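Let's take a friendly walk through this structure, one neighbourhood at a time. Keep the viewer open as you read.

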Amino acid sequence: MTGPHLPPPSQQMSTPDQPSPAAAPASAVAGMFPWLAEVLERLHHAPDEMDDPDGERDLDIPMAVDRMVHAMAGRFTVGLSPAAVALAYADWLVHLAQAPGKQQQLLQKAARKWVRFALYTLKVSSDAATPRCIEPLPQDNRFEARGWQNWPYNLIHQGFLLTQQWWHNATTGVRGVEESHSRILPFLVRQMLDTMSPSNFIATNPELTERTIREGGANLWRGWLNFLEDWERQVAGRPPVGVEAFRPGRDVAVTPGKVIYANRLIELIQYSPKTETVHAGPVLIVPAPIMKYYILDLSPHNSLIRYLVENGHTVFCISWRNPGAAERDLDFDDYRVMGVEAALKAVHTVVPDQRINAVGYCLGGTILSIAAAALARDRGDGLNSITLLAAQTDFEEAGELSLFMNESQLAYLEDITWEQGYLAPGQMSGAFQMIRSQDLVWSRLERNYLLGEREALNDLMAWNADGTRLPYRMHSQYLRNLFLENRLSQGRHMVDGRPVALSDIRVPMFVVGTERDHVSPWRSVHRVHLFTENDLTFLLTAGGHNAGIVSEPGHRRRHYRVSRRTSADAYVGPDTWHAATAEQKGSWWPAWQAWLAERSTGRTTPPAMGAPGAGYPPLGDAPGSYVLER
């Protein structure tokens, strides 16, 4: 962390016992600008030079004002730093102004596109079956309906796609633009163009036009009611429509087990055995703190935890607490110590003399990797194996989430979370939705508010709406140390005052990437090969960050590729690996379960639930209480 740590606004300002001259102005503005009232109160009670001769505490005041202003503005900019956007735009504009060759190229492209569009218009007027002059990108499904082939909608969407393509050409390939800026601007331009897509408006969308005419506008009335209901739920802090049908412990997260340990950050669940004998080595699952753990224990038919238990594994799983403002100062080390290390100690106590098969998902896998590297550094490898599910250990190619990871954007995000005390679920999901705005924003708005339809939620969608928070300090350290400075893969991440290295991990690893992952791109996940020298099995499965992991046997259209690298093998890049590795049909779960079973030291009777004599008594039934916190 850089700069002095400032207490939150609630701790900075103190309310006097008696009215003061500052109370009147503070009260007058408190209704509209409560943050400004706090600043005025702080200024009134600022220490004088006699109390603070070095003036260090006075320096906190202007910084607090700046941070509050940024936090206030962040509510209207979806967390984006205006300074970061302005710098990217200025960088592009200045370099484009000095590139006459690029300007001429763009003029030529514009002229050619106008000619193509004019010829297409003339051909369509005489032959309605004329092929389109430009095809949408493979992932763009907005113009698939048959109505888009009819006049005038064919002209409308073709003109839009040509414009979109030209702007992509204009914002890319400008020599001299800083690398981060060269990725930010095309992303922002795409977002702006998506807001103007003809698929978003009744008059320019044939499906919406036809539905509105056929129903006499009833779809718009239903959409208006849907909007009011969603708005009311959001204001009241209630979950989206349909989420109530998937309550943890009743509809999802129903695999039987007991909570055997709890601290202020985690509950540890031990699952009840379903077989007469079990594999000797227990499995400890570390989910991501940014999600509820039951992504791995959804309905009985697609629960990865239930699948492991039914195949004879003794399974433990961390359930992270959903922190609030009171936990604002929990840091990244707390998640390692009170989370992973505390859970490892508990599992070792319940299943003594057995090495643990540790599993980490997403950010949970990153934290597990750091804990495992520290454990290997200090005590030698104490684990039996490590599995990483869509987890990054290197953030050099961290995907579109890293677009805005520069000092300007990070300072802005820090100020927003500093004022709140945490990163809110809506702020987190907003970033993911921006990356896939066509699918996650505009298509849903069209369906819910223009077509007047409600999409039936499934268990995975309901889980996705059950958001969690991250404490201010932990979130700031995560973004700065890993995303911005990439300390872990460079051997600069500090644990107990000394750096840790992934190369110290010698136990076998099973690493899973997913093909359409926008959070942990599989090529970024694959980079773990560069920093480890152990026996490593890498598997790439179909699907995205969540759906690719929840890939139970029998799931349609699933496939995967898998290969093993020994410590003696040379490095193979991700694209070369993909081309050389054969595709296999079906779920990847059986392949991983077989890998775990091969590394077991045999089978034994199931261990007792908890260890009451050693301080780990059963505290209650799974799924516990932390998973129910909103």
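## Cysteines

C317 has a relative accessible area of 0%, so this residue is buried; buried means under 20% relative accessible area, exposed over 50% and partly exposed in between, using a 1.4 Å probe and protein chains only. C133 also counts as buried, at 18% relative accessibility. As for disulfides, the structure holds zero, where a disulfide is a pair of cysteine sulfur atoms within 2.5 Å.

Before going further, note that this is a predicted model, in which local features need pLDDT of at least 70 and side-chain atom pairs count only at pLDDT 80 or more, while totals for chains, interfaces and linings use all residues. Residues are numbered from 1 along each chain as its sequence is written, and side-chain values use heavy atoms, with hydrogens and water left out.

An open sheet of mixed pairing is formed by 11 strands, in the order 15-14-13-12-7-6-4-5-2-1-17. Its edge strands, each pairing on one side only, are strand 15 (584-585) and strand 17 (620-621). Helices (H or I, at least four residues) and strands (E, at least two) are DSSP runs, numbered from the N terminus, and two strands pair if DSSP finds at least two bridges between them.

Strand 6 (residues 356-361) and strand 7 (residues 383-389) pair in the parallel sense over six bridges, with I386 in strand 7 as the bridge partner of A358. Helix 21 (residues 589-598) packs on the sheet and touches several strands, including strand 4 (283-286), strand 12 (509-514) and strand 14 (559-565); contact means heavy atoms within 4.5 Å. The direction of helix 21 makes about 165° with that of strand 7, where axes are lines fitted to C-alpha atoms, for helices over the stretch in contact, and angles run from 0 to 180 degrees between N-to-C directions.

What makes strand 2 (residues 266-271) largely enclosed by the rest of the structure? Six of its six residues are buried, so the strand is enclosed in that way. I266, L268 and Q270 point one way, while E267, I269 and Y271 point the other.

Strand 1 (residues 257-262) runs antiparallel to strand 2, and five bridges join them. A hairpin connects the two through three residues, and Y261 stands opposite L268. Five bridges also join strand 2 to strand 5 (residues 315-320), again antiparallel; here Q270 stands opposite F316.

Y626 sits in the segment after strand 17 and is buried, with a relative accessible area of 11%. Leaving out residues up to four places away in sequence, Y626 touches a group of residues, among them I266, E267, S319 and W320. The C-alpha atoms of Y626 and A262 are separated by 9.5 Å, although the two residues are 364 residues apart along the chain.

N322 lies in the loop between strand 5 and helix 12 (332-350), and at 5% relative accessibility N322 counts as buried. The N322 side chain reaches the backbone nitrogen of R469 at 2.8 Å, and one of its polar atoms lies 3.2 Å from the backbone oxygen of E629. A polar contact is a pair of N or O atoms within 3.5 Å; within protein, one must be able to donate a hydrogen and the other to accept it, and residues adjacent in sequence count only if both atoms are side-chain atoms.
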